[in-house]
Amino acid sequence: MLNIYGNSVSLDERTLDLLWERQNITMNNIANVDTPNYKARFITFENALARSIKANEVTSRPEPNINKAIRHSNVAVHRTANETMRLDGNNVDMDQEQVQLAKTTYEYQYMVQSISNELSRLRSAVKTF
């Protein structure tokens, strides 16, 4: 996306992409609840995204390129290999996955509302000219 909307919309857009990925991983875990030896996967991106932005602010002088830091923040997919709740080696906890699914859904809806509000403010600002 071009940076004509500012860093806020870029951050919202990247967060939506990462939440979508988290939702897909959670759904994959749920789909594999009966697969023997399947190990649940999860991603965490909030801390990595914050570190990427902070590092860019510190190392980029005189003007940090926050948009670049947002676009290039890395996300790692983790497996919970050590925990096994069942004899077949599968460690998917359906209660935990359902909570994660609901949480991610709410976060996604919040971010859609956030980007919608940001674009409404920009639209309103443009109308005044």
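A residue is called buried when its relative accessible area is under 20%, exposed when it is over 50%, and partly exposed in between, with a 1.4 Å probe and the protein chains only. Please keep in mind that this is a predicted model, in which local features need pLDDT of at least 70 and side-chain atom pairs count only at pLDDT 80 or more, while totals for chains, interfaces and linings use all residues. Residues are numbered from 1 along each chain as its sequence is written, and side-chain values use heavy atoms, with hydrogens and water left out.

Let me start with the aromatic rings. Rings of Phe, Tyr and Trp (its six-membered ring) pair if their centres lie within 6.5 Å, and planes under 30 degrees apart count as stacked, over 60 as edge-to-face and the rest as tilted. By this rule there is 1 aromatic pair. W20 and Y108 form this tilted pair, with 6.1 Å from centre to centre and 50 degrees between the planes. The pair links distant parts of the chain, since W20 sits in helix α1 and Y108 in helix α4, 88 residues apart; helices here are DSSP runs of H or I with at least four residues, strands are runs of E with at least two, and both are numbered from the N terminus. W20 counts as exposed because its relative accessibility is 52%, whereas Y108, at 28%, is partly exposed.

Now to N90, which lies in the loop between β2 (76-79) and α4. Is N90 buried or exposed? With a relative accessible area of 0%, N90 is buried, and a polar atom of its side chain lies 2.7 Å from the backbone nitrogen of V92.

Methods
A polar contact is a pair of N or O atoms within 3.5 Å; within protein, one must be able to donate a hydrogen and the other to accept it, and residues adjacent in sequence count only if both atoms are side-chain atoms.
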